[in-house]
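Keep the structure open while you read.

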Amino acid sequence: HPNDTYPVPPLLAMRVLCTTAALAMGQAGASKVQVLVITEAGCPPCQAAITGSLNDMVTAVGVSDIVHLIHHPFGNNYYTTTECGGAPYDPTIRHCWAARCAVDSPAADCFTGEIVPQHGEVEKNVNRMQACAKNLTTTWEAYWPFLVCMESNYEAQGLDATAACASKASLSNDKLQACYAGTDGDAAQQTEAQATVDHPGTPYVTVNGEEVTDLSTVLEKVCDSYAGK
């Protein structure tokens, strides 16, 4: 996203399909392709990627069977710390926080301060709700429809889209709201924050550890990776 990222790739319709030949090359028992997605809710390029090229990839025939997708809805946010600082938002502070806190043994104050969102309080709140949805689902496939719905409705409704998106994704709105309002929400946010590796900007997507800067090619990258190319 601007102020903290590389240029966002154009959002083009996906034209590459996982062909039967590519899938066959993987053979039975092949490891699933690891897809990492880091976004924050209020970032327009992130919204466009999730509802566009990434969703096209996820919903392409056969792809969900060969992909393990991990989404971290913390993005360019960071917690206020004594060493790195806090508000107003500053990408230099974010990188400082990530170096100290998005690690196996974080500093003691990494997750005790206020969260500083890049795009305001609505973003912080929706990120928290998305973290709760991840916490309440057992597979990425169950979580993904909720994420797409929330991102699709972010500008118009923000957090108010939760109930309708929960229904659409067959999730319990009551459980989501309980998580959001309580300590489970705090824990879910911290889990996502600590797992959000330092990155140049958002949307940040990797396929088997390799960054994909042109998201119009993400389906092709997935298929090639599964086929062992």
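Strand E5 (residues 204-207) and strand E6 run antiparallel, joined by two bridges. In this predicted model, Val207 has Glu210 of E6 as its bridge partner. Both strands belong to an open sheet of four, ordered E2-E1-E5-E6, and the pairing there is mixed. At the edges sit E2 (67-72) and E6 (210-211), each pairing on one side only.

Now the cysteines. The structure has four disulfides, and here are details for some of them:

| Disulfide | S-S distance | Torsion about the S-S bond |
|---|---|---|
| Cys101 and Cys110 | 2.0 Å | -80° |
| Cys132 and Cys179 | 2.1 Å | about -85° |
| Cys149 and Cys165 | 2.1 Å | about -75° |

What hand does the link of Cys101 and Cys110 have? It's left-handed. The torsion of about -85° makes the disulfide of Cys132 and Cys179 left-handed. This pair ties together distant parts of the chain: Cys132 lies in helix H5 (residues 121-136) and Cys179 in helix H9 (residues 173-181), 47 residues apart. The disulfide of Cys149 and Cys165 is left-handed too, given its torsion of about -75°. Here, Cys149 in helix H6 (residues 140-152) is linked to Cys165 in helix H8 (residues 162-168), 16 residues apart.

So are these cysteines buried or exposed? Cys132 is buried because its relative accessible area is 0%, under the 20% cut-off. Cys149 comes out at 8%, so it counts as buried, and Cys165 is buried at 0%. Cys101 is buried at 0%, and Cys110 is buried at 0%.

How values were computed:
Residues are numbered from 1 along each chain as its sequence is written. This is a predicted model: local features need pLDDT of at least 70, side-chain atom pairs count only at pLDDT 80 or more; totals for chains, interfaces and linings use all residues. Side-chain values use heavy atoms; hydrogens and water are left out. Two strands pair if DSSP finds at least two bridges between them. A disulfide is a pair of cysteine sulfur atoms within 2.5 Å. Buried means under 20% relative accessible area, exposed over 50%, partly exposed in between (1.4 Å probe, protein chains only).
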